[in-house]
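Here is a short briefing on one protein chain. Start with the structure itself, then take the points below by topic.

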Amino acid sequence: MSTIKLAIVGVGKIVYDQHVPAIAGNANFTLLATASRNNTIDGVASFPTIEAMLAAHPEIEAVSLCMPPQYRYKAAYAALSAGKHVLMEKPPGATLSEVSDLKRLAAEKGVTLFATWHSRHAPAVPVMKAFLAEYAPRKVTINWKEDVRQWHPNQDWIWQPGGLGVFDPGINALSIMTEILPRAVFLRAAELSFPENREAPIAADLHFTNADGLPVEAQFDWRQTGKQSWDIIVETDKGELRMADGGAKLSIDGVAQELPPEAEYPSLYSHFADLIQNGKSDVDLSPLRQIADAFMLGKRQVVEAFHD
Ligand code: NAP
């Protein structure tokens, strides 16, 4: 396959940390340009808007959209309308309906739309999925707790409507949950804690189940200080799966499993290249739907104000 001419829109933390090295390490892609209001990547042509970038470089074939989710639809619409393949950071948008509309547009234009869930590419995830396909889960406990000051400094968008608050990292856990469990789970109850001065939750307790009555308890909290907890524990008749570090580590009944090194973003870009090559899209809305359900069904409590 010839190299895919790629552009990035919305240059910020995740682009510098993950996208740039993953693209540099993938021979299927050449990074041609960026569109971002303030930030640039050394040695890459930069433009203030996606429209200016696509006009100057009509040869661009694919774009990665890495701005906050509230601003993604407009850019995705512009790129898909221009016949470009599109990769979207998680969460794929601000609402379920807008992402469904993008899926329709991609199909209409005959281009690839990839709504990424990077945590699904963590090394423990396929191992857990295969194990749970064979041995039924009996109980699932999810702890996704981190220090918001450490992981999201100066990110105002994350506290605004559509920014999702603690669900921004929590959706990573839900993307794993929806991938590894053999039967669909659904929310039964939730408590969301909103700081009195913010428009998004700082913590959430979620109680899911499935048709078999499986208990799935999830706790998300941004008020944790010190080391983060990104853990999923699944009890089965054949032992306990204990996933840690967001899927980089796994033990089964206390025995550490040998896993390949973490390579979530390189795996995302390999999958994007495969999708383009095979004329397919990959848009799974199930993690975002669980969060929409939490906002719909969850009880709200107002908690202490949060200051940066
Ligand atoms: P970020 O650095 O705060 O934002 C990315 C860039 O988006 C900003 O540098 C900014 O670039 C642009 N942007 C910000 N507000 C905008 C607006 N109102 N309109 C248009 N563009 C705007 O965020 P991030 O941490 O990279 O996260 C971006 C996405 O990646 C989010 O969906 C997040 O959930 C996901 N993600 C983040 C991480 C992480 O560890 N940070 C991990 C995985 C996934 P300009 O000012 O140059 O326009």
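The model is predicted. Its domain assignment gives domain 1 (4–115) and domain 2 (119–262 + 292–303).

**Domains and their interface**

- The centres of domain 1 and domain 2, taken over C-alpha atoms, are 27 Å apart.
- Contact between them involves 9 residues of domain 1 and 12 residues of domain 2.
- About 800 Å² is buried between the two domains, with 59% of it on carbon and sulfur atoms.
- On the domain 1 side, Gln 70, Lys 90 and Pro 91 supply 49% of the area buried against domain 2, more than any other three residues.

**The cis peptide bond**

- Two of those interface residues, Lys 90 and Pro 91, are joined by a cis peptide bond, with omega at about -20 degrees.
- Most peptide bonds are trans.
- Pro 91 sits in the loop between strand E5 (85–88) and helix H4 (96–109).

**The largest pocket**

- Where does the largest pocket lie? Domain 1 and domain 2 both give residues to its lining, so the pocket lies between them.
- The space in this pocket comes to about 1,600 Å³.
- The lining has 50 residues; Ile 14, Cys 66, Met 67, Gln 155 and Trp 157 lie nearest the pocket centre.
- Two or more lining residues come from each of helix H1 (13–24), helix H2 (50–56), helix H3 (72–81), helix H7 (167–180) and helix H8 (264–277).
- H1 gives the largest share of the lining, 4 residues.
- By residue class, the lining divides into 22 nonpolar, 14 polar and 14 charged.

- Most residues other than glycine have a negative phi.
- Asn 154 is not a glycine, yet its phi is positive, about 60 degrees.
- Leu 164 also lies in the loop between H6 and H7. Its phi is positive too, about 80 degrees, although Leu 164 is not a glycine.
- Leu 164 has a relative accessible area of 9%, under the 20% cut-off, so Leu 164 is buried.

- Asn 26 is placed in the loop between H1 and strand E2 (29–35).
- Its relative accessibility is 10%, so Asn 26 counts as buried.
- Leaving out residues up to four places away in sequence, Asn 26 touches Tyr 269 and Ser 270.

**Arg 300, in strand E15**

- Arg 300 belongs to strand E15 (residues 299–303).
- With a relative accessible area of 52%, Arg 300 is exposed.
- Which residues does Arg 300 touch, not counting residues up to four places away in sequence? They are Leu 192, Phe 194 and Phe 295.
- Arg 300 and Ala 190 are 110 residues apart in sequence, and their C-alpha atoms are 8.5 Å apart in space.

Definitions and conventions: Residues are numbered from 1 along each chain as its sequence is written. This is a predicted model: local features need pLDDT of at least 70, side-chain atom pairs count only at pLDDT 80 or more; totals for chains, interfaces and linings use all residues. Side-chain values use heavy atoms; hydrogens and water are left out. On a 1 Å grid over the protein atoms alone, a cavity is a set of points where a 1.4 Å probe fits but cannot get out, and a pocket is an open set with protein on both sides within 12 Å along at least five of seven lines; lining residues have an atom within 4 Å of a point. Grid points are joined across faces, edges and corners, and a volume is the space filled by probe spheres set on the points. Ala, Val, Leu, Ile, Met, Phe, Trp, Tyr, Cys and Pro count as nonpolar, Asp, Glu, Lys and Arg as charged, and the others, Gly among them, as polar. Domain bounds come from an automatic or database domain assignment. Buried means under 20% relative accessible area, exposed over 50%, partly exposed in between (1.4 Å probe, protein chains only). Contact means heavy atoms within 4.5 Å. Buried area is the accessible area (1.4 Å probe) that two parts lose on being put together, summed over both.
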